[in-house]
Amino acid sequence: MTAAPATTSTVDTDVHCAPATLGELLPYLEPYWRTYIQDGGVFLSPTQGGAYPPKAPTSATPAARAAGAFPATTVDELRTGLLDPAGVHTALLNCTTSFHCNRNPYYEAALTRAINDWLVAEWLDRDDRLRASMVVPTLDTEAAVAEIERIGSHPGIVQVLLPVRTDVPWGNKRNHPMLQAAAAHDLVVGLHAWGRIGNAPNSTGITHTYLEDYLGNSQIIVQAQVTSLVTEGVFARVPRLRVVLAECGFSWLPTLLWRFDKDWKGVWREVPWLDERPSEVVRRHMRLTTSPAHLPRDPGQVRQALDLLDAGTMLVYASDHPHDHGDGGERLLAALTDDERERVLGGNASDWYRLDR
């Protein structure tokens, strides 16, 4: 998405960063896990490949490609590539390096701990404009809770970042203690596109093209996570929980909620804890990032889509730096009223993430 117009209050809720190699995390790992990485030869480059192949048009904007590092690997790269030229007031760092972790739950716990300490030392301590999402193990709920208890009170940590592609939906009962821990620390839970690459993005098996895999984030996986969180009673059990759906689009939400409400009226006995329309729960507990913006070309139709969504309330601005999603974001901002634009660019995120605390 194109950078937002410079304002004094722009909050960018999805800015990617990553260590250039796993070797940069060694100082933050215990000795055993240092040798695990070194002897195992897993000095991978988290900034390339995976969800964003280097030659894919979505992987980086032309400016990021010219800089040669995407996502940013240092604060200086981020300052020159986004913060200073775009006039960003607050940027929320999302590091997805642990999303493609192997199946060893102990290694995953060590890696997420190291990433969080690296974020604090190498990023948060070096620029007051930065906030960060902490990452947690996805294979061990107890370890995830322990990591939230360890670092969740850091003033620069405002979100627990989770992948949308998982072994079981996040609404599943086994994940409730982790979601409760996040809410207890007043942290937002962010569900971000991509996740464990060994898992199918749909219920019918593995995809065979990158296009199918990429499309699955917004059309299949994230919608399943939304319905899981609502129907499995997460928000009834954790009423303070706030969720952001990041890099998964947003134009699909009105049609999902229409069908969700319709079917709930007929089979509500399956979910006795859900005593109001699912759409009301979603609008109270969830927000969505502006990038990618999958919108029609006609300005009138764009406005209709935003009205169905209640965009001025439901959206939080995200450049998804350094990724490139075309001009949908520009059409979105152009269709908003002045009041809506101000809220989307900063006010909504400032309130949702409690940035004034």
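User: How do the axes of helix α11 (residues 299-309) and helix α13 (residues 328-335) meet, and at what angle do they cross?

Analyst: The two axes come within 10 Å of each other and cross at roughly 75°. Axes here are lines fitted to C-alpha atoms, for helices over the stretch in contact, with angles running from 0 to 180 degrees between N-to-C directions. This is a predicted model, in which local features need pLDDT of at least 70 and side-chain atom pairs count only at pLDDT 80 or more, while totals for chains, interfaces and linings use all residues. Residues are numbered from 1 along each chain as its sequence is written, and side-chain values use heavy atoms, leaving out hydrogens and water.

User: Why is α11 called roughly perpendicular to α13?

Analyst: Angles of 65 to 115 degrees count as roughly perpendicular, whereas those under 35 are roughly parallel, those over 145 roughly antiparallel and the rest oblique. The crossing angle is roughly 75°, and therefore α11 is classed as roughly perpendicular to α13. The contact (heavy atoms within 4.5 Å) is made by Val302, Arg303 and Leu306 of α11 together with Arg331, Leu332 and Ala335 of α13.

User: What makes helix α9 (residues 253-267) oblique to helix α10 (residues 278-285)?

Analyst: These helices pack at an angle of about 135°, with axes 8 Å apart. On the α9 side the contact is made by Leu253, Leu257, Phe260, Asp261 and Trp264, and on the α10 side by Pro278, Ser279, Val282 and Arg283.

User: How do you know that cysteine 17 is in no disulfide?

Analyst: A disulfide is a pair of cysteine sulfur atoms within 2.5 Å. The cysteine sulfur nearest to that of cysteine 17 belongs to cysteine 95 and is 5.0 Å away. Seen from cysteine 95, the closest cysteine sulfur is that of cysteine 17, and the distance of 5.0 Å is too far for a bond. The structure as a whole holds zero disulfides.

User: Why are cysteine 17 and cysteine 95 called buried?

Analyst: Buried means under 20% relative accessible area, exposed means over 50%, and partly exposed lies in between, using a 1.4 Å probe and protein chains only. Cysteine 17 has 2% relative accessibility and therefore counts as buried, and cysteine 95, with a relative accessible area of 1%, is buried as well.

User: What makes aspartate 310 partly exposed?

Analyst: Its relative accessible area is 38%, which lies between the limits for buried and exposed. Phi of aspartate 310 is near 60°, a positive value in a residue other than glycine, and the residue lies in the loop between α11 and α12 (311-314).

User: How do you know that strands β1 and β2 (residues 90-94) are paired?

Analyst: Two strands pair if DSSP finds at least two bridges between them. β1 and β2 have four bridges, and their pairing is parallel. Within this pair, valine 15 stands opposite leucine 93 in β2. Likewise, three bridges join β2 to β3, which run parallel.

User: Why are β1 (11-16) and β8 (315-316) described as standing at the edges?

Analyst: Eight strands form an open sheet in the order β1-β2-β3-β4-β5-β6-β7-β8, with parallel pairing. β1 and β8 each have a single partner strand, so one side of each is left without a neighbour in the sheet. Strands are DSSP runs of E with at least two residues, and helices are runs of H or I with at least four, numbered from the N terminus. By these criteria the chain has 14 helices and eight strands.

User: What makes strand β3 (residues 130-135) mostly covered?

Analyst: Five of its six residues are buried. Across the chain of 357 residues, buried residues make up 54%.
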